[in-house]
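Subject: Structure for your review

Dear colleague,

Please find below the structure that I am handing over to you.

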Amino acid sequence: MEPVTLITGGSTGIGAATARTLLKQGHRVAVTGRDAGKLAAFAASAGAGERLLTITGDAAEAEDVAAAVRGVVQAWGRLDNVIANAGFSLPGNLESHAPEDMRAMVLTNVLGPALLVRESLPQLRASKGRIVFIGSVAGVRNTPGNLYSVTKWAVHALAENTRLLVGKDRVGVTVVAPGVVDTAFWAERGGTPEEAMTPEQIADTIAFALNQPAGVDINQITVRPTGQLG
């Protein structure tokens with residue numbers, strides 16, 4: 001039976017690359033995003049037909065997350081994996097961030113994954129499925145005034161708390177912590193550093209975690225380009 005995977009923030013970057021990788025591996029994949037135009041463009045480029053479901057919604061809104069999970073189950077009858085990928089960063093630091101932007105980042109990056117777990121657990125318990133959180137190297141090392149780092153530390157904590165909650169149910173939990181990846185993240189930061197990974201390389205790492213045999217759970221993967229020292 002084809003695995004069914006839901007990815008939040010899946011129209012661009014790491015999420016889109018992961019969707020493509022899993023589609024090639026035979027998954028049925030649902031991706032969410034706030035921008036219907038970007039979702040439509042991704043669907044057209046993916047060419048996956050009925051094996052790809054796009055869902056417009058905000059990963060930080062409980063009703064949207066619940067609707068996404070319901071939509072996947074209604075379409076395909078099951079849910080085997082969820083990937084909490086939606087998130088963003090602000091240029092500057094907490095001294096320069098506007099308070100409303102800080103709130104939006106905390107809600108998307110921290111509340112969003114928690115909502116996804118809450119809504120998907122009944123299905124994942126039934127399927128003995130897996131949860132992948134997209135963390136960050138910023139979630140294991142501090143830099144001055146980095147509120148994004150704070151949110152990713154929280155994601156790493158959420159992953160471990162979730163593992164303790166669902167391990168007895170044979171639900172796998174992994175946090176993938178990338179270093180520098182060549183995505184739009186760097187557009188407002190002067191361009192991508194010379195040492196960077198591709199979204200496809202992170203997608204392969206995520207797929208590796210999902211493809212472990214039953215009874216094997218990889219809890220954390222930190223992956224950097226070889227030239228990234230911090």
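The notes below describe what was found in this structure.

This is a predicted model, in which local features need pLDDT of at least 70 and side-chain atom pairs count only at pLDDT 80 or more, whereas totals for chains, interfaces and linings use all residues. Residues are numbered from 1 along each chain as its sequence is written, and side-chain values use heavy atoms, with hydrogens and water left out.

The largest nonpolar core has 25 residues, and L6, V72, L79, V82, I131 and F133 touch the most other members. Such a core is a set of buried Ala, Val, Leu, Ile, Met, Phe, Trp, Tyr and Cys residues joined through side-chain atoms within 4.5 Å; buried means under 20% relative accessible area, exposed over 50%, and partly exposed in between (1.4 Å probe, protein chains only). At least two residues of this core come from each of β1 (4-7), α3 (62-76), β4 (81-84), α4 (99-127), β5 (130-134), α5 (147-166) and β6 (172-178). Helices (H or I, at least four residues) and strands (E, at least two) are DSSP runs, numbered from the N terminus. Another core, of 23 residues, lies apart from the largest one and includes I7, A19, L22 and V223. Leaving aside neighbours within four places in sequence, L79 is in contact (heavy atoms within 4.5 Å) with V4, L6, V69, V72, S120, Q123, L124 and S127.

Helix α5 deserves a separate note. The end C-alpha atoms of α5 are 29 Å apart, which agrees with the 28 Å that its 20 residues should span at 1.5 Å a residue; the expected span is 1.5 Å times one less than the number of residues. Among the buried residues of α5 are L147, Y148, T151, V155, A159, T162 and V166, and their cover includes α4, β5, β6 and β7 (220-223). N146 caps the N-terminal end of α5, with a side-chain oxygen 3.1 Å from the backbone nitrogen of Y148.

Two loops follow. In the loop between α5 and β6 lies D169, whose side chain is joined to that of R125 by a polar contact of 2.7 Å. A polar contact is a pair of N or O atoms within 3.5 Å; within protein, one must be able to donate a hydrogen and the other to accept it, and residues adjacent in sequence count only if both atoms are side-chain atoms. R170 is found in that loop too; its phi is near 65 degrees, a positive value in a residue other than glycine, and R170 is exposed, with a relative accessible area of 58%. K128, in the loop between α4 and β5, has a phi near 55 degrees and is partly exposed at 49%.

On a 1 Å grid over the protein atoms alone, a cavity is a set of points where a 1.4 Å probe fits but cannot get out, and a pocket is an open set with protein on both sides within 12 Å along at least five of seven lines; lining residues have an atom within 4 Å of a point. Grid points are joined across faces, edges and corners, and a volume is the space filled by probe spheres set on the points. The largest cavity holds about 70 Å³, and α3 gives the most to its lining, with three residues. The largest pocket holds about 1300 Å³; of its 50 lining residues, G87, F88, S89, T183 and F185 lie nearest its centre.

With kind regards
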